Amino acid sequence: MFDDHELDAIQEQRDRWEEESLDSVLESHGERKGRFATVSNHMVDRLYTPADVADIDFEEEIGFPGEPPYTRGPYPTMYRGRTWTMRQFAGFGTAEETNERFHYLIDKGQTGLSTAFDMPSLMGLDSDDPMSEGEVGKEGVAVDTLRDMEILFDGIEIDKVSTSFTINPSAPVIYAMYIALAEQQGVPREEIRGTLQNDMLKEFIAQREWVIPPDPSLDVVTDTIEFATEETPKFHPVSISGYHIREAGSTAVQEAAFTLADGFAYVEDCLDRGLDVDEFAPLLSFFFNCHNSIFEEISKFRASRRIYGRVMEDWYGAQNPESKRLKFHTQTAGQSLTAQQPLNNIARVTIQALAAVFGGTQSLHTNSFDEALALPSEKAVRVALRTQQIISEESGAADIVDPMGGSFAIEKITNELEKEIMAYIEEIREMGEGSVRDGVLEGIEQGYFHREIGEASYEYQQRVESGEEVVVGVNEHTIEEDTSPEILEVDETTRDRQLTRLKEVKDERDDGEVDATLAALSEAIDRKENVMPFIIDAVKAYASMGEIMQVFEDHYGAYQENITPI
């Protein structure tokens with residue numbers, strides 16, 4: 001962006017500044033104690049100048065918002081046209097309690113719903129399964145049958161709200177229930193809006209919630225993408241998630257690289273199915289974490305957009321601009337929250353949310369200050385939502401499209417991260433002998449991802465324990481008194497109430513119809529047909545989550561992790 005003459009002159013001025021201004025201050029006072037590095041241990045320079053971006057081609061690497069290379073954002077007007085969707089994760093106890101929280105959040109100005117499920121639901125188990133005991137409704141809402149979904153969205157017009165479902169192994173069942181609910185409300189399938197997480201590759205890499213093995217899990221994800229492309233064109237059938245990869249301890253580079261690799265793996269599987277990239281790719285969405293190192297996080301988002309747009313065109317032949325736009329939801333870093341002095345978490349979340357906005361997110365969840373202690377209280381959720389609203393309406397952060405664009409530091413770090421992210425993706429591709437999908441599956445089998453993340457997590461924890469990495473209130477600026485706020489308690493009668501409803505549904509339904517729909521699903525699996533129409537029929541007959549998932553387990557077996565050494 002600068003010619004050689006200008007760069008020489010700037011370098012001369014930097015040399016003069018160092019000699020006349022910097023050196024004497026360093027000699028007298030030095031610099032503050034501590035690391036000059038990000039949370040991911042990416043070293044940062046004292047000062048950035050045009051020399052750091054001398055090799056950048058503005059048109060090819062920065063450009064303009066809404067146009068390739070999409071570094072500056074997927075849309076031309078960004079938040080001047082419409083602010084990001086404000087979502088707060090909500091789910092606990094029974095459907096009635098979570099429905100009440102949904103209405104509370106909508107009344108407070110939330111613009112999108114985000115549903116948290118309890119562990120049995122996440123694992124495809126019914127509440128009356130012996131494995132569910134002690135977990136029903138504890139970390140999210142319990143959903144066993146379509147009856148629970150009906151109560152969960154009672155009084156909520158689902159054609160007027162976008163709903164996100166954070167669920168993976170049993171995601172197709174929840175998707176089917178939402179489609180059935182739309183039919184009950186008289187809403188055409190093509191009008192429902194929302195996002196299904198449904199990212200099974202990430203589960204095998206980081207979060208480790210699964211039912212069936214990786215290969216058939218991938219097939220089912222592709223079924224949902226194929227079905228959504230044809231039937232629910234406003235609904236995102238998968239949210240390719242780096243959030244949990246980061247929460248497991250990865251660096252920012254690993255988070256972006258492994259997430260993008262998973263995304264490319266789904267693209268390749270859809271292409272092998274015979275789908276048109278420009279028909280299904282616009283429905284793909286992504287989900288990233290946003291940690292404390294504000295400049296690294298902004299740069300991570302910008303680098304990821306640039307990589308995605310280029311790879312989708314160069315590797316997979318995408319032509320539709322919507323196929324090349326990386327669109328993502330962001331959640332602030334749960335890993336960064338502390339149980340000590342929890343009100344400090346409000347500051348952390350604000351910094352992280354601001355980084356996500358400067359990085360160009362399309363949707364945002366701000367964590368509540370008490371989440372290191374329990375499920376969020378209403379007070380904490382309100383503060384988290386107000387944080388987003390203040391950033392949107394008071395700070396001016398939403399008024400300028402890519403306000404950090406052109407910063408010497410941001411552009412330099414963006415380029416550095418892009419190179420490191422691509423190096424990981426190429427390594428994964430090489431493991432698959434030219435296929436990212438095969439490389440991801442091979443990496444899962446070999447334990448490659450677990451080792452990479454584990455090493456990064458260990459190194460970070462070592463820095464915290466040594467005091468090299470400061471965590472305010474934990475290893476610096478500690479206090480003795482108890483600062484714990486009042487926390488939300490889940491009613492211990494939740495399980496009893498949920499079991500009563502499940503029994504009522506099973507007593508009232510037509511068991512013959514249930515058996516017939518489950519048999520039809522089993523036959524569809526045998527014939528390798530798309531399973532979504534058959535799951536929809538089963539949930540409409542009030543077959544339960546556990547009954548439907550058992551059909552898949554009967555066919556493929558329960559997955560047991562068996563990592564082989566390289």
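Select Asn-168, Pro-169, Pro-172, Asn-198, Met-200, Val-211, Ile-212, Ser-217, Val-220, Val-221, Met-549 and Phe-552, and you have the residues that line the largest cavity. A cavity here is, on a 1 Å grid over the protein atoms alone, a set of points where a 1.4 Å probe fits but cannot get out, and lining residues have an atom within 4 Å of a point. This is a predicted model, in which local features need pLDDT of at least 70 and side-chain atom pairs count only at pLDDT 80 or more, while totals for chains, interfaces and linings use all residues. Residues are numbered from 1 along each chain as its sequence is written, and side-chain values use heavy atoms, with hydrogens and water left out.

**The cavities**

Stay with the largest cavity, which holds about 120 Å³ of space; a volume is the space filled by probe spheres set on the grid points, and these points are joined across faces, edges and corners. Colour helix H8 (214-231) and helix H22 (545-556), each of which supplies at least two residues of this lining, with the largest share, three residues, coming from H8. Helices (H or I, at least four residues) and strands (E, at least two) are DSSP runs, numbered from the N terminus. The lining of the largest cavity divides into nine nonpolar, three polar and no charged residues, where Ala, Val, Leu, Ile, Met, Phe, Trp, Tyr, Cys and Pro count as nonpolar, Asp, Glu, Lys and Arg as charged, and the others, Gly among them, as polar.

**From H22 to its partner helix**

Axes are lines fitted to C-alpha atoms, for helices over the stretch in contact, and angles run from 0 to 180 degrees between N-to-C directions. H20 passes H22 in a right-handed crossing, a crossing being right-handed if the near helix is turned clockwise from the far one by less than a right angle, and left-handed if anticlockwise. Show the side chains of Val-514, Leu-518, Leu-521, Ser-522, Ile-525 and Asp-526 in H20, which meet Glu-547, Ile-548, Val-551, Phe-552, His-555 and Tyr-556 in H22; contact means heavy atoms within 4.5 Å. The residues of this contact divide into eight nonpolar, two polar and two charged.

Next, select helix H3 (residues 95-107) and helix H15 (residues 378-393), whose axes come within 11 Å and cross at roughly 35°. H3 passes H15 in a right-handed crossing, and the contact is made by Arg-101, Tyr-104 and Leu-105 of H3 with Glu-378, Val-381, Arg-382 and Leu-385 of H15. By class, this contact has four nonpolar, no polar and three charged residues.

Move on to Ala-37, Val-39, Ser-293, Glu-469 and Val-470, which are the closest to the centre of the largest pocket among the 40 residues that line it. A pocket is an open set of points with protein on both sides within 12 Å along at least five of seven lines, and the largest one has a volume of about 1,100 Å³. Helix H12 (294-314), helix H14 (344-358), helix H16 (408-431) and H18 each supply at least two residues of its lining, and H14 gives the most, with four residues. The lining of the largest pocket has 19 nonpolar, twelve polar and nine charged residues.

For the second largest pocket, which has about 840 Å³ of space, select Arg-82, Thr-85, His-236, Gln-362 and Ser-363, the closest to its centre of the 36 residues in the lining. Its residues divide into eleven nonpolar, 19 polar and six charged.

**Two backbone details**

Zoom in on Pro-68 and Pro-69, which are joined by a cis peptide bond with omega of about 10°; Pro-69 is found in the loop between helix H2 (58-62) and S1. Then select Arg-208, a residue other than glycine with a positive phi, near 65°, in the loop between helix H7 (200-207) and H8.
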